[in-house]
Protein chains: 2
Amino acid sequence: MNNYGESNGDSNVHEKQVEGHDHCENGDGSDNRVILGIDGGTTSTVCVCIPLFSSSKSLPNPTPILGRAVSGCSNHNSVGEIFPSHVKLYVQNDAVAALASGTMGKLHGCVLIAGTGCISYGFAEDGREARASGAGPVLGDWGSGYGIAAKALTAVIRAHDGRGPQTMLTNKILKALSLSSPDELIGWTYADPSWARIAALVPEVVSCAEACDQVATKILVDAVQDLALSVKAVVQRLHLCGEDGNGSFPVVMVGGVLEANRTWDIGKEVMKCIQEQFPGAHPIRPQVEPAVGAALLAWNFLMKESTGNSHS
Amino acid sequence: MNNYGESNGDSNVHEKQVEGHDHCENGDGSDNRVILGIDGGTTSTVCVCIPLFSSSKSLPNPTPILGRAVSGCSNHNSVGEIFPSHVKLYVQNDAVAALASGTMGKLHGCVLIAGTGCISYGFAEDGREARASGAGPVLGDWGSGYGIAAKALTAVIRAHDGRGPQTMLTNKILKALSLSSPDELIGWTYADPSWARIAALVPEVVSCAEACDQVATKILVDAVQDLALSVKAVVQRLHLCGEDGNGSFPVVMVGGVLEANRTWDIGKEVMKCIQEQFPGAHPIRPQVEPAVGAALLAWNFLMKESTGNSHS
């Protein structure tokens with residue numbers, strides 16, 4: 001299996017494949033062949049199996065899941081490639097599978113992922129692609145969970161050494177980390193450079209913003225601007241909004257930062273900000289997991305291939 | 001030898017010691033005893049030897065250096081303690097030795113170090129201490145060399161993916177790193193997390209600002225504000241500026257970012273910004289290296305001790 005480059009701070013693998021079983025039509029338009037959608041990473045791997053509806057124009061909704069399995073690492077550097085040669089294999093960036101999980105396999109529109117890292121990735125109808133952000137913390141992904149939490153930690157240090165205003169973040173974060181002084185944050189950040197460990201503080205920042213702390217609120221408002229800007233940059237480069245700027249296109253919203261479901265709803269604010277410039281942007285929160293997105297993507301690839309073959 | 005905590009991103013050791021030779025007065029007020037000033041770190045260690053002027057009120061200027069030696073690591077975890085028990089040993093944060101290198105051993109005023117990292121450290125006449133910044137890159141030392149260069153790299157990525165304005169930084173930095181596209185910066189930053197490697201790009205940012213690039217100029221202006229704010233926070237907490245805010249105090253300026261000596265002079269701008277609020281702040285650029293500062297500091301400690309003894 002292949003390990004794809006960086007996107008949102010996590011290297012994932014998405015593979016869609018078709019087992020070459022006998023072609024035997026069932027009553028529902030499927031045959032005995034299947035598609036496996038795989039969301040694979042260094043920590044864990046999710047695999048779902050859906051039937052191959054080869055004669056359908058569109059998939060049934062909800063997508064029928066024949067089976068689902070979770071296992072460990074699928075980094076090909078660790079475990080090697082394990083598929084027999086007759087399996088058709090498609091490998092894509094995890095942002096592409098995330099987009100497909102919201103658009104039921106169609107590659108059109110933009111996906112915004114904001115978890116530990118963040119990335120915006122889009123496809124135009126003609127197949128052109130563009131991305132923004134997703135370059136990692138050194139290169140300024142400030143709307144990511146890591147970015148938000150690092151700014152909050154910085155605000156605590158600044159309040160402590162006299163450079164910034166006092167903030168509720170100090171007590172909230174020290175309590176969450178069982179530390180007794182902001183000075184101890186320096187050792188805490190040096191002890192373990194894991195971005196996910198820092199990003200885990202986002203709920204504390206949201207709590208403080210909900211309690212009207214001005215420092216926390218500014219951090220979230222800036223993150224909203226940053227995340228919206230990533231989507232806007234992709235939309236503009238791909239002209240997803242059409243000639244008049246009012247064209248309709250989906251924005252698939254994925255990741256813990258956008259799924260907060262709190263009073264201070266980062267995802268909702270990001271969409272508001274995008275729609276001020278592009279009123280045709282409509283948000284989609286995926287109803288299926290990325291592995292299903294990968295399977296739907298594979299189904300779409302196969303349909304295109306078979307259409308191409310029947311025309312030739 | 002002791003390894004002191006973090007200050008400007010580099011852990012250094014400063015030790016001042018007096019060899020217990022026979023006390024035998026020379027014509028110049030010194031005797032045969034000496035002070036060793038040591039600026040020790042993980043990579044290299046500088047040691048200077050000055051005579052102990054036990055009967056003088058002040059040291060001769062320039063300080064007579066009897067000897068100077070450079071060697072490798074002096075991290076006590078690696079090489080252990082090597083001094084005989086009769087040697088008096090003082091260990092201080094490297095920011096303290098840097099302050100002493102500008103004030104000829106007197107601990108009063110504020111030092112601002114801006115190299116790969118940055119820190120502001122101050123002492124009041126009554127011995128109170130305060131610091132600001134110096135918490136590392138995760139915790140927002142944006143005026144440091146690392147901070148300036150990381151912002152410049154971010155600006156290149158943002159110009160490339162459509163989130164930010166075009167900037168001269170793109171060509172300048174890609175050329176300096178022998179890369180052909182901004183996309184390659186992602187791999188470049190992931191390849192080696194060393195802060196010093198990123199901070200080495202500061203001269204490229206200064207060049208672009210000197211050529212009136214607006215993005216580079218804004219990065220430097222923000223860094224100036226950040227560095228000045230670190231000093232101001234220390235000055236305010238220690239009341240270095242006196243009751244009326246106009247009191248005189250030294251600001252010792254150390255580190256590559258402040259010693260640029262370019263048309264766009266970061267250090268000069270930082271001082272201007274400090275003096276707008278505290279007109280009594282006067283800049284000192286040390287004429288001696290930190291190891292000499294450490295020796296001068298040791299001399300001052302000894303004079304205080306002997307004065308204390310003669311009064312008791």
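Colleague: What is the mean pLDDT of chain A?

Modeller: This is a predicted model, and the mean pLDDT of chain A is 86, with 85% of its residues reaching 70 or more.

Colleague: And where in chain A does pLDDT stay under 50?

Modeller: That is the stretch of residues 1-22 of chain A, although the model still has 105 contacts beyond four places in sequence for those residues. As for the scores of the model, ipTM is 0.85 and pTM is 0.86.

Colleague: Okay, symmetry next: what rotation superposes chain A on chain B?

Modeller: A rotation of 180°, with 0.0 Å of shift along its axis, puts chain A on chain B with an RMSD of 0.1 Å. The two copies are therefore related as by a two-fold rotation axis, and in chain A the C-alpha nearest that axis belongs to A:Val138, 4.7 Å from it.

Colleague: Which surface does each copy use to meet the other?

Modeller: The copies meet through the same surface, because 100% of the interface residues of chain A are also interface residues in chain B. In this interface, 32 residues of chain A are in contact with 32 residues of chain B.

Colleague: How much area do chain A and chain B bury between them?

Modeller: They bury about 2600 Å² between them, and 62% of it is on carbon and sulfur atoms. On the chain A side, A:Leu139, A:Arg163 and A:Tyr190 lose the most area to chain B, together 26% of what that side buries.

Colleague: How many salt bridges and polar contacts are there between the chains?

Modeller: The count of salt bridges between chain A and chain B is 0, whereas 11 residue pairs are in polar contact, counting pairs with both residues at pLDDT 80 or more.

Colleague: Which element gives the most to the side of chain A that touches chain B?

Modeller: That is H3(A), with 8 residues. By class, the side of chain A that touches chain B has 17 nonpolar, 8 polar and 7 charged residues.

Terms used: Residues are numbered from 1 along each chain as its sequence is written. Chains are lettered from A and ligands numbered from 1 in the order in which they are written. This is a predicted model: local features need pLDDT of at least 70, side-chain atom pairs count only at pLDDT 80 or more; totals for chains, interfaces and linings use all residues. Side-chain values use heavy atoms; hydrogens and water are left out. Copies are superposed by least squares on the C-alpha atoms of residues with pLDDT of at least 70 in both. Contact means heavy atoms within 4.5 Å. pLDDT is the predictor's confidence in each residue, from 0 to 100. Buried area is the accessible area (1.4 Å probe) that two parts lose on being put together, summed over both. A salt bridge is a side-chain nitrogen of Lys or Arg within 4 Å of a carboxyl oxygen of Asp or Glu. A polar contact is a pair of N or O atoms within 3.5 Å; within protein, one must be able to donate a hydrogen and the other to accept it, and residues adjacent in sequence count only if both atoms are side-chain atoms. Helices (H or I, at least four residues) and strands (E, at least two) are DSSP runs, numbered from the N terminus. Ala, Val, Leu, Ile, Met, Phe, Trp, Tyr, Cys and Pro count as nonpolar, Asp, Glu, Lys and Arg as charged, and the others, Gly among them, as polar.
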